[in-house]
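Open the model in your viewer and keep the selection tool at hand.

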Amino acid sequence: MLDTTSVSPRALLARRKPGFSLEQAFYTSQEIFDLDLEAIFFRTWIYVGVEPDVPDEGDVMVVDIGRASVLILRDDDGEIRAFHNVCRHRGARIVHDEKSSVGKLVCKYHAWTYDLDGKLLRAEHMGADFDTSCHGLKPVHLKSVEGLLFICLADEAPADIDDLAEKMGPYLKPHAIRDTKVAHQVDLIELGNWKITMENNRECYHCAGNHPELTIPLFEYGFGFSPESMDETKAKEAHRYECMVDDLHGEWEGSGFPSKEIDHLDDRVTGFRTQRLPIDRAGESQTLDTKVASTKLLGELTEAKMGGLSFWTQPNSWHHFMSDHIVTFSVIPLSPDRTLLRTKWLVHKDAVEGVDYDLKRLTEVWIATNDQDGTLVGYQHSGVKSPAYEPGPYSPYTEGLVEKFVNWYCLRLADHLG
């Protein structure tokens with residue numbers, strides 16, 4: 001049974017009102033949370049990390065999604081692979097730490113031993129007729145989009161990620177993700193449903209009133225605005241922003257850096273959106289003084305003032321690429337009212353902390369912003385649980401991307417339910 005209604009998920013989808021937030025059960029019901037995992041997180045491409053998470057042969061990263069646990073590893077030939085983290089003997093989890101480095105994968109239970117390509121190498125006491133070739137680790141679909149790692153737990157993964165990779169390649173390649181290292185990672189548990197975390201990310205309606213650090217480099221107008229609601233000062237700022245977008249896009253595109261918007265957030269299974277956005281003031285990076293946090297620029301970039309390339313994917317990620325560093329975010333549902341937000345900061349692989357970059361300067365904008373967003377997510381989830389809650393209208397000016405996220409979600413659920 002649903003927590004707050006006896007209406008079936010199919011019926012709830014059928015009566016969904018476009019342009020409004022979802023009904024209460026979508027945020028609070030254990031039944032719909034379980035359905036979300038099956039229909040969304042076990043069937044679509046999920047962003048889980050970056051190639052620099054496993055920089056060397058034998059490096060392993062574990063990612064847990066619902067009841068699934070996945071190993072991401074770099075094998076002896078330098079290839080990155082993904083496997084279910086389940087021993088083919090009696091099902092024990094093989095690797096338990098989030099990050100580790102191994103020669104072989106050895107299950108602690110009965111010492112079944114696997115090569116890094118997933119082949120079962122050794123299983124004692126199984127008899128002469130036991131065929132090790134039938135008991136290798138089960139592979140998981142993995143796609144690296146210029147160093148961003150996506151996995152899909154479905155038997156047949158959506159093929160349109162190849163088109164995503166083709167379109168995003170020219171945007172991402174100059175930032176050379178494969179030549180970076182993870183300088184810092186923060187895992188934040190937000191006290192709200194995962195869809196509330198995503199909806200909060202898809203708008204900046206709340207930015208001016210809640211993000212004093214982020215709104216130093218970032219313009220709130222990038223997500224849209226209503227001219228009629230703005231005073232003279234804000235109207236001038238919005239006009240200045242629009243002029244910057246036109247001028248800088250022309251400048252960046254002319255220099256060979258794709259910058260213009262691509263938006264496929266709700267018209268395809270592997271939804272995504274990108275755009276290179278101006279950074280205010282010094283225009284270099286998402287830092288408190290808007291100047292680069294790392295003096296060693298990424299890839300072959302020689303110009304610090306490259307703005308911020310934003311890349312959003314459905315259902316669970318967003319990323320910001322600057323000239324000096326990259327920030328990636330992944331969202332993993334833990335329960336109907338708890339969500340893991342994992343943030344990684346990447347710098348050039350040769351950058352030295354304390355010499356080329358200061359970790360506090362690098363991370364302080366998004367550590368503060370994530371904490372503020374986590375509080376807002378908790379506020380919304382608490383209110384959504386109330387008997388007084390009913391779906392409210394989105395702003396047609398500033399919450400268009402929220403509507404696209406919710407529309408994409410409903411389409412995926414409807415497709416799963418048939």
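A polar contact is a pair of N or O atoms within 3.5 Å; within protein, one must be able to donate a hydrogen and the other to accept it, and residues adjacent in sequence count only if both atoms are side-chain atoms. The model is predicted, so local features need pLDDT of at least 70 and side-chain atom pairs count only at pLDDT 80 or more, while totals for chains, interfaces and linings use all residues. Residues are numbered from 1 along each chain as its sequence is written, and side-chain values use heavy atoms, with hydrogens and water left out.

**Stop 1: the two domains.** Select 46–144 as domain 1 and 160–417 as domain 2; these bounds come from an automatic or database domain assignment. Over C-alpha atoms, the centres of domain 1 and domain 2 are 32 Å apart.

**Stop 2: where they touch.** Contact (heavy atoms within 4.5 Å) joins 14 residues of domain 1 to 20 residues of domain 2. The buried area between domain 1 and domain 2 is about 1300 Å², and carbon and sulfur atoms give 59% of it. Buried area is the accessible area (1.4 Å probe) that two parts lose on being put together, summed over both. Now select Tyr 47, Pro 52 and Lys 143: in domain 1 they lose the most area to domain 2, together 45% of what that side buries.

**Stop 3: polar links.** Between domain 1 and domain 2 there are seven residue pairs in polar contact, both residues at pLDDT 80 or more. Colour strand 1 (46–50), strand 2 (59–65) and strand 9 (141–145), the elements that give two or more residues to the side of domain 1 that touches domain 2. Strands are DSSP runs (E, at least two residues), numbered from the N terminus. Which strand gives the most to that side? Strand 1 does, with five residues.

**Stop 4: salt bridges.** Side chains of opposite charge can pair when their charged atoms come close. A salt bridge here is a side-chain nitrogen of Lys or Arg within 4 Å of a carboxyl oxygen of Asp or Glu. The whole structure has 32 salt bridges, and four are counted between domain 1 and domain 2. Select Arg 178 and Glu 51, whose side chains form a salt bridge at 2.9 Å, N to O. Then select Asp 64 and Arg 93, a salt bridge at 3.2 Å, N to O. This pair links distant parts of the chain, 29 residues apart: Asp 64 is in strand 2, and Arg 93 is in the loop between strand 4 (80–84) and strand 5 (99–101).

Methods: Helices (H or I, at least four residues) and strands (E, at least two) are DSSP runs, numbered from the N terminus.
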